[in-house]
Amino acid sequence: MTGSTATPFTADDYRARLERAARAADEAGLAGLLVAPGPDLVWLTGYTPPAVTERLTLLVIAPGQDPVLVVPALEAPDARKAPGASALVLRDWTDGKDPYAATAALLDASGRFGISDNAWALHLLALRKAMPAGSYTSLTEALPMLRAVKDAAELDLMAAAGAAADATFEEIRNVRFSGRREAEVAADLDRHLRRHGHETVDFTIVASGPNGADPHHEAGDRVMERGDMVVLDFGGLRGGYGSDTSRTVHVGEPTDEERRVHDVVRAAQEAGFRAVRPGAACQDVDRAARAVIADAGYGEYFIHRTGHGIGVTTHEPPYMIEGEEQPLVPGMCFSVEPGIYLPGRFGVRIEDIVTVTEDGGRRLNTTSRELVIVE
């Protein structure tokens, strides 16, 4: 892994994101943001450290001052190559020095700060020792919508990732399932995703027969056979942005019950999609999809939220779940993925990534949601 990767975004794009983050912190009553290596740092600066180690790397964003990237001296050359570096002040530190004291000097020692969810406890505890009067909250809790609204360039990348996942499904529906292990088809999914431009593959769920009743089943050695319903859920990152789609196929002809359950899930997915519009609450999407499944008598078998946000990670805020009143805003991207899971028998899930438009929603996955028969 290198210190920076190719990106369509300019230094001005990263500068705008940094300014947006500083404003959001101020509006949330925070004294600043502390951003550790991970998706937030990549989104704000374009920088990925060569390695994530015990040495402190931390982006400091505080309203009214220039953002500062505190970085180990031996990694400073890589940091300076990042596409957003010109929007930052780089402050390096050498082994033997105290990076926490140097960081604390940039901050209001009694302030409240948003800190990356994935920051190491080692670093957070050292910062608390350096600033005992300060306090911290997770970025997801403090600023859940920071990355949620995508601009036009981000939406193009999301659409390209979705198209690559769709192309993968069109290929996988033509491979043989009967007589093969789940893990073999999962390997096919991985290979096709990479061939269609994914730099990372985060998951390739192939859940056949009774395994389909486990929403996060890991593909294993079960040999698929005629009569199996098979849940396929796969995705990863292409161009730094996520894909995630699910389709359910059947090996040979399905029973009437299997068709009926699939039809219910398909109708629920359509209802969830049709609930997408600016100003609607996230929970409205969940309610619309869940009502269809409950009305059909399968409510107890829909055991997860209807969707999750997606962007530079495959799971991020907002979440389509009861109690989430965050209004939908044009540019938000998230999954709509209802399912029914019948223990010991089979499962069905259908998932598209959807983006909010000015007057509704647009699917970023367009493959057929009908029940596909495979051999």
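Tutor: A helix here is a DSSP run of H or I with at least four residues, and helices are numbered from the N terminus. The model is a predicted one.

Take helix α8, residues 182–195. With 14 residues at 1.5 Å each, α8 should span 20 Å, and because its end C-alpha atoms lie 20 Å apart, the two values agree. Its buried residues are Glu182, Val185, Ala186, Asp188, Leu189, His192 and Leu193. Around the helix axis these residues take up an arc of only 155°, so they sit on the same side of α8. The elements covering them include helix α7 (152–172) and the strands β7 (200–208) and β8 (229–238). After α8 comes Gly197, which has a positive phi near 105°. Most residues other than glycine have a negative phi.

Further along, helix α9 (residues 256–274) packs with helix α10 (residues 282–295) at about 155°, their axes being 7 Å apart. An angle over 145 degrees counts as roughly antiparallel, and α9 and α10 are therefore roughly antiparallel to each other. The crossing of α9 past α10 is right-handed. On the α9 side, the contact is made by Val264, Ala267, Ala268, Ala271 and Gly272; α10 contributes Val285, Ala288, Ala289, Val292 and Ile293.

One peptide bond also deserves a look. From Pro317 to Pro318 the bond is cis, with omega near 5°, and Pro318 is placed in strand β12 (residues 316–320). Most peptide bonds are trans.

Definitions and conventions:
Residues numbered from 1 in each chain as written. Predicted model: local features only at pLDDT ≥ 70, side-chain atom pairs only at ≥ 80, totals over all residues. Heavy atoms only, no water. Helix = DSSP H or I, 4+ residues; strand = E, 2+ residues; numbered from the N terminus. Expected span 1.5 Å × (residues − 1). Buried < 20%, exposed > 50% of the residue type's maximum accessible area, 1.4 Å probe, protein only. Arc of directions from axis to C-beta. Contact = heavy atoms within 4.5 Å. Axes fitted to C-alpha atoms, helices over the stretch in contact; angles between N-to-C directions. Parallel < 35°, antiparallel > 145°, perpendicular 65-115°, else oblique. Left-handed = near helix turned anticlockwise from the far one by under 90°.
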